[in-house]
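I opened a new page for this one and wrote things down as I looked them up. Here is what went into the notebook.

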Amino acid sequence: MRNLLISLLLVISTTLFGQIGGLSSSKIISLTAAVLPDKTIEYEPGFFLFRASEYWDANSDLQNIYSSSDSITLVSGMYFRVTYGLWDKLEVGVSISNDLSETQWGIRYKLLQNEKIGLAIISGMNLPWGNKPLSSKLRVSSNIPKVGFGVVGSVYSSTKLSFDFSAQYLNYIQKPDDNDRGEFILSLDAGYYILNNQILLLTAANYRLVNNVAISHSVLTIAPGFSVETGRNYAIAIAFPMDVYGKNENKNMALTFALTLSFN
């Protein structure tokens, strides 16, 4: 039972497909209020590597995952995102995992945008496509589609310093047998340009809470990183997410890399 629980929490902790996806972003975790220009396409391949040897129990105390202190769990993967801009106020997109086991479909509508602030609303659906053994009778949360909505805001303090924040709620279209009852996600990113606006220094914080009748779980993650924007139609982003506090969740350290290409 303990091994089954830890395996479940590892899947929950390490997936990059937990929130509304398929949409463009200028930083690490939070989405931005801006949308892609009309008839612009973004294509983004990325990869991630997660490492975990400890987990937080129900009292938020750290415990070893394995009986041997030198044992660790490594999880790696890739994803691909395609996003399309419509009418300068709307964008739609999809993210797909490299093994085609899950997809995220998202839409964002820009409500307000000026030199100082931006505001947008988002909605989407996360669809598991399977590509693994499944039970037709057991409704596990990882096999059930989720729908979600949220709000995204951006603050531009100067030409160099900006902030993005997002608040999201997602829930399952069917009641899972493992008692998950909805997911709240709050995130905040900050970015500061250096070297003639070619390098964007980044930091992010993300809090995720999953309500569960039996064992609710939550985790707070911080993620320093940077983005290289030396070209007109591409950017490279590298981040180092690390979990700093949690409950019934693995404590992960990670590396993420994304190459964003723009076509218009």
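My entries start with the whole chain and then go to single places.

**Entry 1: the whole chain**

I note before anything else that this is a predicted model. I looked up the secondary structure and found one helix and 14 strands in the protein chain. The chain has 264 residues, and 44% of them count as buried. For the accessible surface I wrote down about 13,500 Å², with 62% of that belonging to carbon and sulfur atoms. Then I looked at contacts with a separation of 6 or more: residues 24 or more positions apart account for 60% of them.

**Entry 2: the core**

Which residues make up the largest nonpolar core? I got seven: Ile20, Leu23, Leu31, Ile122, Val152, Leu170 and Ile185. A reminder to myself: in soluble globular proteins, nonpolar side chains tend to be buried together.

I picked Val152 from that core and asked what Val152 is in contact with, leaving aside neighbours within four places in sequence. Two of its partners, Leu31 and Ile122, are on the contact list and are core members as well. Val152 is also in contact with Thr32, Ala33, Gly118, Leu119, Ala120, Phe165 and Ser166.

I went through the pairing of β3 (residues 73-86) next. β3 pairs with β1 (residues 41-56) in the antiparallel sense, over twelve bridges. As an example I noted Tyr43, whose bridge partner in β3 is Val82.

β3 also runs antiparallel to β4 (residues 90-97), and eight bridges join the two. Here I noted that Arg81 stands opposite Ser95 in β4. The hairpin of β3 and β4 has three residues between the strands, and Trp87 takes a positive phi near 60° there.

**Entry 3: positive phi in two loops**

I followed up on positive phi elsewhere. Leu100 has a positive phi of about 60° although it is not a glycine. I found Leu100 in the loop between β4 and β5 (102-113). Leu100 is partly exposed, at a relative accessible area of 48%.

Asn196 isn't a glycine either, and has a positive phi of about 55°. Asn196 sits in the loop between β9 and β10 (199-212). Is Asn196 buried or exposed? With a relative accessible area of 73%, Asn196 is exposed.

**Entry 4: aromatic rings**

I counted the aromatic pairs and got four in the structure. One of them is Tyr169 with Phe184: the ring centres are 4.8 Å apart and the planes stand at 45°, so I filed this pair as tilted. Tyr169 lies in β8 (residues 161-172) and Phe184 in β9, so the pair ties together parts that are 15 residues apart in sequence.

Together with Phe149, Tyr169 and Phe184 form one aromatic cluster.

**Entry 5: around Asn171**

Asn171 is found in strand β8 and is partly exposed, with a relative accessible area of 26%. Which side chain does the side chain of Asn171 make a polar contact with? It is that of Tyr169, at 2.9 Å.

Not counting residues up to four places away in sequence, Asn171 touches Pro145, Lys146, Val147, Arg181 and Gly182. I also checked Asn171 against Glu183: they are twelve residues apart along the chain, with their C-alpha atoms separated by 6.3 Å.

Glu183 is buried, because its relative accessible area is 2% and buried means under 20%. What does the side chain of Glu183 make a polar contact with? I found the side chain of Lys146, at 3.0 Å. Lys146 was already in my notes as one of the residues that Asn171 touches.

Last, I looked up His217, found in strand β11 (residues 217-228). His217 is buried, with a relative accessible area of 3%. Its side chain makes a polar contact with the side chain of Glu249, at 3.3 Å.

Definitions and conventions: Residues are numbered from 1 along each chain as its sequence is written. This is a predicted model: local features need pLDDT of at least 70, side-chain atom pairs count only at pLDDT 80 or more; totals for chains, interfaces and linings use all residues. Side-chain values use heavy atoms; hydrogens and water are left out. A nonpolar core is a set of buried Ala, Val, Leu, Ile, Met, Phe, Trp, Tyr and Cys residues joined through side-chain atoms within 4.5 Å. Buried means under 20% relative accessible area, exposed over 50%, partly exposed in between (1.4 Å probe, protein chains only). Contact means heavy atoms within 4.5 Å. A polar contact is a pair of N or O atoms within 3.5 Å; within protein, one must be able to donate a hydrogen and the other to accept it, and residues adjacent in sequence count only if both atoms are side-chain atoms. Rings of Phe, Tyr and Trp (its six-membered ring) pair if their centres lie within 6.5 Å; planes under 30 degrees apart count as stacked, over 60 as edge-to-face and the rest as tilted. Helices (H or I, at least four residues) and strands (E, at least two) are DSSP runs, numbered from the N terminus. Two strands pair if DSSP finds at least two bridges between them. Accessible areas come from the Shrake-Rupley method with a 1.4 Å probe; for residues, only the protein chains shown count as cover.
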